[in-house]
Amino acid sequence: MLKNCLHTLLAAATLAIASPALAAGGHALPYAFEPDTGNTASVRRGAANFMNYCSGCHSMRHLRYGRLGQDLGIPENLLKANLMFTSDKVGDHILSAMPGEASKTWFGQQPPDLTLESRYRGPDWVYSYLMTFYVDPTRPLGTNNLVLPGASMPHVLWELQGLQVQSEAHAADGEAAAHGEAHGPQFELVSKGKLTPKEYEKFVADTVNFMTYAAEPGREHRVSVGIKVVLFLILFSVLAYFMKREWWKDVH
């Protein structure tokens with residue numbers, strides 16, 4: 001009985017670990033991405049990307065402008081001038097100006113809140129999603145997505161990335177893609193965007209870094225404090241050991 005329980009727990013743990021790396025339908029995601037929320041400059045750029053290209057439709061209702069400015073070291077005047085487009089109060093949450101009912105009519109459903117998206121689906125999924133829009137004439141808006149087929153969201157970043165079509169060619173084993181390895185179908189650029197492919201990869205990486213930060217704003221601080229606490233405990237243990245030896249040497 002115990003052996004069966006252990007096998008069950010092991011299988012469940014393996015599935016839990018593997019699930020973030022799977023796209024819809026159980027297929028491996030085309031890109032692997034390791035977020036770097038400690039890169040404050042990248043997270044700041046990602047915040048600007050999100051507010052300029054995503055906040056028109058998507059909210060981050062669990063994150064306040066003030067917390068964003070405090071964590072990223074953005075002065076209030078710059079925060080208001082460059083990132084606050086739907087409110088003038090730094091204590092407000094980041095809410096989209098798009099009316100909910102109207103968005104259901106336009107897109108078939110209300111655009112989801114993205115505060116916890118990277119935590120729910122994983123940074124790999126978000127990165128792959130933003131990288132894999134492609135031209136599909138059968139879709140109402142003319143584009144489809146490899147990670148989320150039939151997505152109602154249009155390719156809002158097409159002016160930056162350009163337009164790409166699926167290619168029959170597959171990446172050679174070990175061929176590096178942006179911040180990871182490409183495993184799925186490759187794309188051919190049929191219309192250039194404002195950014196080069198490498199610049200677009202960096203744009204997406206910055207955006208995903210910001211979304212990863214937004215999902216858990218206090219993580220970097222907790223990690224920093226945790227490291228200091230562990231180092232203190234190690235030092236205290238060493239001092240306590242030598243103090244114990246000094247006090248007990250006469251007893252022995």
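Which residues of helix 2 are buried? Hi everyone, let's start there. The buried residues of helix 2 are Ser42, Val43, Gly46, Ala47, Asn49, Phe50 and Met51. Buried here means under 20% relative accessible area, exposed means over 50%, and partly exposed lies in between, with a 1.4 Å probe and protein chains only.

A quick word on the model. It is predicted, so local features need pLDDT of at least 70 and side-chain atom pairs count only at pLDDT 80 or more, while totals for chains, interfaces and linings use all residues. Residues are numbered from 1 along each chain as its sequence is written, and side-chain values use heavy atoms, leaving out hydrogens and water.

Now the overall view. The chain has 10 helices and 8 strands; these are DSSP runs numbered from the N terminus, with helices (H or I) of at least four residues and strands (E) of at least two. Of its 252 residues, 34% count as buried. The accessible surface comes to about 15500 Å², and 60% of that belongs to carbon and sulfur atoms; the areas come from the Shrake-Rupley method with a 1.4 Å probe, and for residues only the protein chains shown count as cover. Among contacts with a separation of 6 or more, residues 24 or more positions apart account for 68%. Contact means heavy atoms within 4.5 Å.

Back to helix 2, residues 40-53. Its 14 residues reach 20 Å from the first C-alpha to the last, close to the 20 Å expected at 1.5 Å a residue. That expected span is 1.5 Å times one less than the number of residues. The buried residues of helix 2 pack against strand 1 (60-64), helix 3 (65-72), strand 2 and helix 9 (197-215).

Helix 9 has another partner, helix 7, residues 123-131. The two pack at an angle of about 145 degrees, with their axes 10 Å apart. Axes are lines fitted to C-alpha atoms, for helices over the stretch in contact, and angles run from 0 to 180 degrees between N-to-C directions. On the helix 7 side, Pro123, Val126, Tyr127, Leu130 and Met131 meet residues of helix 9, including Tyr200, Val204 and Met211. How much of helix 7 is buried? 9 of its 9 residues are, so helix 7 is largely enclosed by the rest of the structure.

Leu148 touches Trp125 and Tyr129, not counting residues up to four places away in sequence. Leu148 is found in the loop between strand 4 (143-145) and helix 8 (158-161), and is partly exposed, with a relative accessible area of 27%.

Next, is Ser87 buried or exposed? Ser87 is buried, because its relative accessible area is 17%. This serine lies in the loop between helix 4 (76-82) and strand 2 (93-94). Its side chain makes a polar contact with the side chain of Asp92 (2.4 Å), and also reaches the backbone nitrogen of Lys89 at 3.1 Å. A polar contact is a pair of N or O atoms within 3.5 Å; within protein, one must be able to donate a hydrogen and the other to accept it, and residues adjacent in sequence count only if both atoms are side-chain atoms.

Last, Gly108, in the loop between helix 5 (100-107) and helix 6 (117-121). Gly108 is exposed, with a relative accessible area of 63%. The C-alpha atoms of Gly108 and Ser152 are separated by 7.1 Å, and the two residues are 44 apart along the chain.
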